[in-house]
Amino acid sequence: MEKIMKYIYITLLTGFLFTLSSCKKYLDVNTNPNAPQTVTANLYLSPMLHWMVTAPQYDGRFIGRYTQNWTSTTAGTTWDLQGYDPASDNGAELWRDVYWSLGQNLVDMNTKAEAEQRWDLLGVGQILKAWGWQSLTDVHGEIIVKEAIDPTKYLFNYDSQEYAYLEVQRLLTAAIANLARTDGAVDAAFLGKTDLIYKGDRAKWTKLAYAMLALNLNHYSNKASYKPDDVIAAVDKSFTSNADDALMAYPGVTGNDDRNFLGPTRGNMQTYRQTPFIVNLLNGTQFTGVVDPRMTRMLAPAPDGVYRGIVTAAGTGAFTASQLPNNFWNIASISAPAANTQGRYIFSDKCKLPVMTYAQLQFIKAEAAFKKGDKETALAAYKNGISAHIDFVNARNIEDNQSPTQITSAEKTAYMSATAIVPAAAADLTLTQIMCQKYIAQWGWGHLETWMDMRRYHYTDADPATGKQVYLGYVFPTTLYSDNAGKPAYRIRPRYNSEYVWNRDALSVIGGLATDYHTKQTWIVQP
Amino acid sequence: MKKKLLLFFIGTFLLLAHAIAQQITVTGRVTSEDGPIPGVSIRVKGSNVVAQTGAEGSYTIKALRNDVLVFSFVGYTTIERTVGANTTINVALKSDSKGLDEVVITALGNTVKKRELGTSQQTVSGAAIAETQRENFINALQGRVAGVEVTSSSGVPGASSSITIRGVSSISGSNQPLMIVDGLPIDNKTLNTSAFVSDASSNTAFSNRGVDFTNRSADINPEDIESLVVLKGPEAAALYGIDAANGAIVITTKRAKAGAGAVSYSNSFRVEATRTYPEIQKQYGLGGSGVPGSVSTLNNIYQYFGPAYPDGTQFYDNVKDFFQTGFTQKHNLSFEGGSDKVNYRISSAYTDQSGVVPNSDYQRINLTGASQGIVNNWLKTDLSMNYSYAVNDQPLKGSIGPLLGLLAWPQTDDASNYLTAAGTRKLLAFGSAGNAEIDNPYFNVNKNIINSKTSRIISNLGLTITPFRWVNIKTNIGMDSYTNQNLIVRHPESASAFSRGGTIDVANDITRNINLQNLINFNKQKLTKDISFDATLGNSLQNLKSNVDAGYGEGFLDPNFNSLNNVGTKLVRTSISQRRLVSFFGRATFDYKNYLFLTGTIRNDRTSTIPIDRYSFWYPSVQGSFVFTDVPAFKGLKNVFYYGKLRAAYANVGKDARPYAYVPTLENKTTSGGGYGYGFTGPNPGLKPEFAKSYEFGAELGFLNNRLGLDITVYRKETTDQIVNDIRSSYATGFILLNLNGGSTRNQGIELTLRGNPVKTNDFNWDVLANFESARGKVLSLPNALPESYVSDTWLYANVRNGNTPGNSTRSLTGLFYLRNNQGQLLINPTTGVPVRSTTFIEGGYDRQPDFTIGLSNTFTYKNMSLSFLLDIRKGGDVLNATQHFLTTIGLANNTVDRMTPRIIPGVLQDGRENTASPTPNNIAFVPYYQNTFYSTASEELFIEKDINWIRLRDVTFSYKLPQTMLKKQNFVKSASVFVTGTDLFLITNYTGLDPVVNGNTAAVGGSGASGIDYGNFPMPIGLNFGIKIGL
């Protein structure tokens, strides 16, 4: 008997004392077992690359309505009227991705890459950082750069767009320098493991850095400080063919997030339809009877086989069922199609989407050369651009078993030989041609640059040489959104559930609380 | 030191062993006015020797001649007798269920006389809970305890119920009390949908809206509950620590009564019917703005803004036909018996419930065993094991649930004919696109699935060691372990998963909580002639761990085979959550002449969820009780009062964070190529515990020979440094959500309990108990001076959410509400004639907190018959009738039938003059029939119904005990009774929806949750139970 109680007592008492002494160790179970708190440097990369390509597509739904890439099937929606959705995060996916999807991840990756002397990964990180500021400032104007990514703060002051532009140039220059290094732990295999775009190829990343630099510098076109030679020099160090295009594939294996945002399974585009503006650029209306072979490969016909567009903000009312353009998956419905429906062009589940393309850069070069007065260079680049984009359309259309056929070389030659498209003499090349072909080449995916281009020409500026509108056939809706006071959109308001709710004080300093803030011209498009 | 202690104890035991030799055996019988009382506890004072009376009230106990025997039984005055030369001691106990000498259970399982308590607590008997025949005993508590509010998520079998005591104080964390069973905490989790893979993506997330799971307390068989005590404030719960900051519910389960073995069996059969059918208009058919509907003009959902139905249109009463009669059966069987040394109780129960919504059901099996043993003079054991197995099938809820589909379905179509000849989902419109058309309700309940199965074991081993008469040591070791398997299927043809080819979610939650508690109780000792003292020292250790393994699939190969093996795309997720707590605590009570009591407590909690340099914190409480009617100088008061007591208490209680709250982690991303990236929540290395300072004052008064009693409490609690989870900030932080200190809230209120015994004769007795509560919760500030904090899951309908803003109620709603001028008139857009809405979330003066609630229970007994009922009365509190708003936007609500009437919205034009002395009145008229945007864009604000009152007959029971004369002829059945119980029989309310007791989320959601947001929710059904009880 005594023995039992003795044991009980010993157990109890030692138990009691034991818990007293080793408490701290016992309680140290706060390492989250569900997820790591730090990972190998290259593991941060893939999600950020994904968003670099994909985030612009989210916002493209709205920007594409300003630029009349497409319009809503519902008449008079806010974005079609150059407005915005109050109290909504629509049009601010980039805001989320630059500050959160990249955000601290990019800081951590770059810090690790630098500490581990992975100069190639650091260069890629700097390109990502530059891309973020570039895209974000182009969409929103003033953004938070200096004070960004600091969870201990709760008021974040905005920086000027000029500062953001210079920061992009600084980052790209640094990236180019880092990508040139071969010392330290530079390792194409390590980078290539998670590099969804160039599989670790430093040379191609360097080209992308120059490409972004060219894009940045060309945006100064309205300013006295514009230097077309610098733009051309940067383009020449960037992509040399479609093989350099910065493309990312969507594998479509984990369900939703790794499928092309524009594809049928994601079902984001069912209420969008092409506009007469893009149709008329392709169907011979604007370019005297020359039907672009890309029209039937990029756009969607109506059930009767004719290619039409819905006038921006007009809705579907004017059409009979057989004349109403189909959606971009060539279906009449405004409902999402069943999963894995066959798509068209870039509107397909597994179709690659670009960050930048060779064609795009050639048009940048053409514009810069044209402005410089070097029309020979401009024409050559312009031709390269058209040819490269026709090849781009073909390349995309076979990636995911899409329905359109390939553009034959005969079709391509016929198109490129039409003088309405490619003038025989360099002197006959017009700004309208360059910008409209660039528009076509960027249609459907290159929203940020397209909108930047159109804002630089204030949507409806005329080419001083010809007196014709630079964007042939672009027409504003008759009445704009009620807050606009008749002015078109020049920026998207910063993300509502970030800035308008939680950072209002800083926003008010830059005038962001004004109801027509979205019509205020950004610094870069001003002279 | 250890060695010395050991010797010291061994020495003590030798002395005890010596004492045993001189014991004598005492026998006797314990009776009351009503006859012998079984189950009376007889204790040798100051020792661990205990006996119990058997069925005939007789007992046997061994004691010494100079021992004092203490006879105690809940509801009776405790009596003490010195053994002396007697070997037979018969005792008559006096009923004293309402006096101050009633023995009650309080924190840490201490039993004290009511007079000693300085805080407010209330007891509900297990019988009263079981009598309501609720499957989830939580639902039986509404109205029975002042200050307790129970909200069931819906009227579907197995729906989760949340419970709050004294209102909502935490902005984002749990406001539910700690559940204690037989001295140790048990898990009352409602599975959070964040464990499901679907919640990883906003495209597929449930966000605790579309589904519901049972709160785990419902695993307890109500028939096993002996008594339930509600410790209301942090003062009462200061000894239970962090998790009791919102109060505690202390449950004692049944133990056997010594004596001849007894068998009892009871059953209950219930039929259930839905209380009301939602009403929809039958005048106007499909279409928009007076134009008949066709596929292209309908915007993804049926709209009823078309022309009037032609005469002779055939209608189907889909709504009425959909509901079925629910049926429930319950069987309880228990055995008990034992001697004064060892006793046992084994009970088993089976519940099988099918609800009024087709394919909703809940089944539960309980097996409980409890045994107490007196091993020897100084060691007593108490072991209980409770096994339960529950299976629950619920329909989907809210926006994807069947109710909205049922209402929206065209009345010109027979909804029950929901499949095509090929056995696939029949679509009425919109061509082939299955996600464009709301689910047919029959399709929804037959093809979509929420199934959960839980098997659980709760074990509790208690050892009480009494080394000396003045001290005992009590150790409890408990394990609460369960496996909860869940399956959610959104059928490939359903609207909610059409574009994904169907989704399947499985989540297996393996939870294992281990609790250890040591108490050293020092029995009452006289310090001086007038002052005595007793105390408790203790420590506890908790290791709470849950591991949820979840799988997800989409793209069903065979549309009707529900398995992860049948899908194209698969994803997995593991969620492990572990929290450890180590605590030390002490309590000391000083007793001055048995009428003045002062108790102080101190507790130290060390938690794993706070950064290690701040993980340990201390907090005190102090409480006093003054029985002024027992002060000799105030003897004259006895003419007025039967008794009178004043009490006061103060506590400062700490609270920790949720696990892993301060370090951000990387998530495995499902975007192209995979990889890692941070989750939404950012870091907060400075996280510290929050504290609630709370005080309460009260009085307990008895009048008219205790036929009338009053208990009144006022309290005030202020939480500072409150940890607000998932609060937002600018994305420039690099994160979307943060867990920050810095919220503060204040709760105050008054509670009144009035009891009376208006009639008391030999045959007839009438007892009344009224519980009144009025509570207020106010947000004083938010972290970082942010303007609003909300729990995102509550943003479940349009633009209304449970937003908290400084200066307003903790249960307010924010939304994109109408703007008003300085006189409160609506601002009207001067060009369109419609009201102007705010573009930011604003506080609109809405408050879901009721002004007051009353629970009124009456019990009548006449000879062998008894009738009892509980009325639940509420005044005030707002409810968002989102279902009605939904019906209005699609032209189905009855309030849209006057659509041909031209109207001008009363208000003033927003023309710059709106805030002047003479604003321009609105004069823009329109006819909604031609302009259905009047309805389709109506503000949700118009459907927040203000000041909702109700009177609800929660339950009513009539029972009849068969008289002994009838049973005399046989020896088999010793007692028998029959009963009829009605649940939720009537509801009188000014609420226009189905049921104002709703929660748009589940009980898993923190803060004020979505209680009072009614969107596609099924109401509590009317139930009628019949059953018998037999004792063998």
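How many bridges join β39(B) to strand β40 of chain B? Two do, with β40 covering residues 812-815 and the pair running antiparallel. That's enough to count, since two strands pair if DSSP finds at least two bridges between them. Before going on, note that this is a predicted model, where local features need pLDDT of at least 70, side-chain atom pairs count only at pLDDT 80 or more, and totals for chains, interfaces and linings use all residues. Residues are numbered from 1 along each chain as its sequence is written, chains are lettered from A and ligands numbered from 1 in the order written, and side-chain values use heavy atoms, leaving out hydrogens and water.

To see the pairing up close, find B:Arg801: its bridge partner in β40(B) is B:Thr814. Both strands sit in an open, antiparallel sheet of three, ordered β39-β40-β42 in chain B. Here β39 (800-801) and β42 (842-847) of chain B are the edges with a single partner strand each, so one side of each has no neighbour in the sheet.

Now zoom out. Chain B has nine helices and 54 strands (DSSP runs numbered from the N terminus: H or I of at least four residues for helices, E of at least two for strands). Its radius of gyration, taken over C-alpha atoms, is 31 Å, close to the 31 Å from the globule rule (2.2 Å times the number of residues to the power 0.38) for 1032 residues, so chain B is as compact as a globular protein of that length. The C-alpha trace of chain B spans about 100 × 70 × 65 Å along its principal axes.
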